[in-house]
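Please show me around this structure. I have it open in a viewer and would like to know what to select next and what is there.

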Amino acid sequence: MESLFAALEGTALAEALRGSRWLYAGVNAAHILAIALLIGSVVPLNLRLLGVWRGISREAVVRVLAPVAASGLALALLTGPLLFSVRAREYGGVGFLQLKLVLIAVGVLSALALCRRHGFLLKDAPRARLAVHAVLSTVCWLGALVCGRLIAFAGD
């Protein structure tokens with residue numbers, strides 16, 4: 001793994017990120033935007049799945065917030081590896097990063113399984129299933145957010 005991480009750090013893109021304060025800052029800002037879009041969409045969507053804002057149809061909330069969350073996830077999946085590449089050997093052994101990746105995988109797979117079983121708009125999904133998903137999703141995404149932030153402090 002060490003040689004793979006070293007090779008990743010040696011790529012032209014990783015070197016460019018390390019060598020340019022503004023390029024790195026731009027990618028970092030894009031990652032923060034991605035997280036804001038993802039968490040900012042997932043939390044209210046999960047609250048609606050738990051029964052908050054019953055006056056607003058679940059379908060309307062899903063139609064608006066799910067694509068925003070997916071866009072945030074896509075942007076995070078593009079920018080995260082770029083940030084990782086700058087110090088891959090250092091970050092590769094950080095437990096918080098490993099836990100973050102597990103939480104992201106569980107969050108994504110849970111959403112995909114729910115949509116596969118009940119359709120994108122979740123029309124026929126039972127309340128209990130939605131509640132379990134909402135709690136799991138919230139734990140995964142907030143946990144990934146916290147772990148991501150703790151990566152910076154892991155070596156201290």
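In which helix is the place of S110? Select S110: the residue sits in helix 6. Helices here (H or I, at least four residues) and strands (E, at least two) are DSSP runs, numbered from the N terminus.

The model is a predicted one, in which local features need pLDDT of at least 70 and side-chain atom pairs count only at pLDDT 80 or more, while totals for chains, interfaces and linings use all residues. Residues are numbered from 1 along each chain as its sequence is written, and side-chain values use heavy atoms, with hydrogens and water left out.

**S110**

Stay on S110, which counts as buried because its relative accessibility is 14%. Buried means under 20% relative accessible area, exposed over 50%, and partly exposed in between (1.4 Å probe, protein chains only). Contact means heavy atoms within 4.5 Å.

**The whole chain**

Zoom out and colour by secondary structure. The protein has seven helices and zero strands, so the order from the N terminus reads α-α-α-α-α-α-α under the DSSP run definition. The C-alpha trace spans about 50 × 30 × 25 Å along its principal axes. Of the 156 residues, 35% count as buried. Among contacts between residues at least 6 apart in sequence, 74% join residues at least 24 apart.

**The largest pocket**

Next, select H31, L83, K100, G148 and I151. Of the 27 residues that line the largest pocket, these are the closest to its centre. The volume of this pocket is about 800 Å³. A pocket is found on a 1 Å grid over the protein atoms alone, as an open set of points where a 1.4 Å probe fits, with protein on both sides within 12 Å along at least five of seven lines; lining residues have an atom within 4 Å of a point. Grid points are joined across faces, edges and corners, and a volume is the space filled by probe spheres set on the points.

Which helices each supply at least two residues of this lining? They are helix 3 (21–49), helix 4 (58–86), helix 6 (95–118) and helix 7 (127–150). By class, the lining has 20 nonpolar, four polar and three charged residues. Ala, Val, Leu, Ile, Met, Phe, Trp, Tyr, Cys and Pro count as nonpolar, Asp, Glu, Lys and Arg as charged, and the others, Gly among them, as polar.

**The second largest pocket**

About 440 Å³ of space lies in the second largest pocket. Select L45, A66, A69, A111 and C115, the closest to its centre of the 22 residues that line it. Helix 3, helix 4, helix 6 and helix 7 each supply at least two residues of this lining. By class, the lining has 18 nonpolar, four polar and no charged residues.

**The nonpolar cores**

Select L45, L49, V61, V62, L65, A66, L114, L121, L122, A125, L130 and A134, the twelve residues of the largest nonpolar core. Such a core is a set of buried Ala, Val, Leu, Ile, Met, Phe, Trp, Tyr and Cys residues joined through side-chain atoms within 4.5 Å. Helix 4 gives the largest share, four residues. A second, separate core has eleven residues, including I39, L73, L103 and I104.

Now pick L122, in the loop between helix 6 and helix 7. L122 counts as buried because its relative accessible area is 4%. Leaving aside neighbours within four places in sequence, L122 is in contact with L49, R58, V62, L114, C115 and L130. Its phi is near 55 degrees, a positive value in a residue other than glycine. Move to W53, in the loop between helix 3 and helix 4. W53 also has a positive phi, of about 60 degrees, although it is not a glycine. At 43% relative accessibility, W53 counts as partly exposed.

**A154**

Finish at A154, in the segment after helix 7. Is A154 buried or partly exposed? At 37% relative accessibility, it is partly exposed. A154 touches V94 and F96, not counting residues up to four places away in sequence. A154 and F96 are 58 residues apart in sequence and 7.5 Å apart in space, C-alpha to C-alpha.
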